[in-house]
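Subject: Structure for your review

Dear colleague,

Please find below the structure that I am handing over to you. My notes on what was found in it follow directly after it.

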Amino acid sequence: MALRCAAPGRVRWLARALAGSARLLPPAAAAPGPLGPARTRPPQLSAQARFASSAGSGTEGPQRRVVVVRITSPFAWLRTRFYYLLIRLYFDHEFSIEEFTRGAKQAFSVVSKLLSQRKLDLLEELVSAEVLQVLKEKISLLPDSHRDALAADIDAIMYTTEGDVRIYYDDDGRKFVSILMCFWYLNGANLPDEVPGEAKVFQIVFGDENTKEKKHLLTANYEFQREFTEGAKPDWTITRIEHPRLLE
């Protein structure tokens with residue numbers, strides 16, 4: 001499917017943000033209902049992160065990369081795959097979780113940077129109106145260090161996984177699918193070492209042991225929702241944004 005850009009020149013990156021069936025829905029078409037943690041708690045990832053060192057070709061000194069290992073519940077894995085099968089059978093025959101994940105990852109990077117820069121007006125075509133209103137109130141109260149920590153460069157996203165998947169109908173009989181995506185990313189914001197909720201604060205070495213750059217491994221949860229009622233636009237919107245311990 002081709003992607004409908006919200007505003008030429010202003011959000012040109014949307015053409016690559018959500019590929020295939022993963023497209024963003026204008027907030028006016030989002031499904032009504034409660035938002036945030038009260039609906040569904042994000043899955044607690046059982047995971048660890050570690051460094052793997054290797055000798056880089058044509059470079060001096062050790063190179064470091066982060067390897068995130070997650071232990072997945074077999075029941076949760078089967079449950080989400082069953083929902084993906086239902087989506088392909090009854091809602092979107094072209095749906096691919098691989099394409100959706102790639103698009104969601106890029107959309108997360110774009111939206112998190114706009115949040116960090118307080119450019120909330122550019123989120124009106126990407127985020128539901130209810131969530132955007134809450135974000136405007138919260139962002140204004142954040143210290144600079146926490147706001148800087150919201151931004152996730154696409155290359156700094158270490159791990160992406162799907163969380164809860166829901167298929168449901170509202171009181172008017174409209175059909176919806178929502179997919180919660182969980183992201184782990186590295187960020188160099190000046191946060192205190194004791195910031196709660198992190199997996200670990202890494203000391204990443206570039207070049208030699210005398211040059212060190214500290215990175216925080218942080219998490220975020222973004223929910224994407226699409227209406228599948230006949231005649232509805234085939235677009236997705238973000239209906240939930242969580243940056244634990246940073247944006248609460």
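In these notes, buried means under 20% relative accessible area, exposed means over 50%, and partly exposed lies in between (1.4 Å probe, protein chains only). By that scale Phe82 is partly exposed, with a relative accessible area of 47%.

The structure is a predicted model, in which local features need a pLDDT of at least 70 and side-chain atom pairs count only at pLDDT 80 or more, whereas totals for chains, interfaces and linings use all residues. Residues are numbered from 1 along each chain as its sequence is written, and side-chain values use heavy atoms, with hydrogens and water left out.

Confidence

pLDDT is the predictor's confidence in each residue, on a scale from 0 to 100. The chain averages 75, and 63% of the residues score at least 70. Over residues 1-40 the pLDDT stays under 50, and the model has 102 contacts beyond four places in sequence for them; a contact means heavy atoms within 4.5 Å. The pLDDT is also below 50 over residues 44-63, a stretch with 42 contacts in the model beyond near neighbours in sequence. Where pLDDT is low, the predicted coordinates should not be read in detail.

Overall architecture

The chain has 5 helices and 7 strands, taken as DSSP runs (H or I of at least four residues for helices, E of at least two for strands) and numbered from the N terminus. Along the sequence they follow the pattern α-β-β-α-α-α-α-β-β-β-β-β. Of the 248 residues, 46% count as buried. Among contacts between residues at least 6 apart in sequence, 67% join residues at least 24 apart. The accessible surface comes to about 12900 Å², of which 51% belongs to carbon and sulfur atoms; such areas come from the Shrake-Rupley method with a 1.4 Å probe, and for residues only the protein chains shown count as cover.

Phe82 lies in helix H2 (residues 74-90). Together with Leu85, Leu89 and Tyr90, Phe82 forms a nonpolar surface patch with about 440 Å² of accessible area. Patches are made of residues with over 30% relative accessible area and no salt bridge, like charges being joined within 9 Å and nonpolar side chains (Val, Leu, Ile, Met, Phe, Trp, Tyr) within 5 Å.

Because 14 of its 20 residues are buried, H3 is largely enclosed by the rest of the structure. Just after H3, Arg118 takes a positive phi of about 60°, although Arg118 is not a glycine. Arg118 is in the loop between H3 and helix H4 (129-139).

Salt bridges

A salt bridge is a side-chain nitrogen of Lys or Arg within 4 Å of a carboxyl oxygen of Asp or Glu. By this rule the count comes to 9 salt bridges. In one of them, the closest N and O atoms of Lys113 and Asp153 are 3.2 Å apart. This pair links distant parts of the chain, 40 residues apart, with Lys113 in helix H3 and Asp153 in the loop between helix H5 (144-148) and strand E3 (157-169). Lys113 is partly exposed at 29% relative accessible area, and Asp153 is partly exposed at 45%.

Another salt bridge joins Arg166 and Glu223, with 3.8 Å between the closest N and O atoms. Arg166 lies in strand E3 and Glu223 in strand E6 (residues 212-227), so the pair ties together parts that are 57 residues apart in sequence. Arg166 is partly exposed, at 22%, whereas Glu223 is buried, at 2%.

Asp170 and Arg174 also meet in a salt bridge (2.7 Å, N to O). Salt bridges that share partners join Asp170, Arg174 and Glu227 into one network.

Trp184, in strand E4 (residues 175-187), is buried with a relative accessible area of 6%. The C-alpha atoms of Trp184 and Tyr159 are separated by 5.1 Å, although the two residues are 25 apart along the chain.

Arg245 is in the segment after strand E7 (237-242). Its phi is near 70°, a positive value in a residue other than glycine.

Yours sincerely
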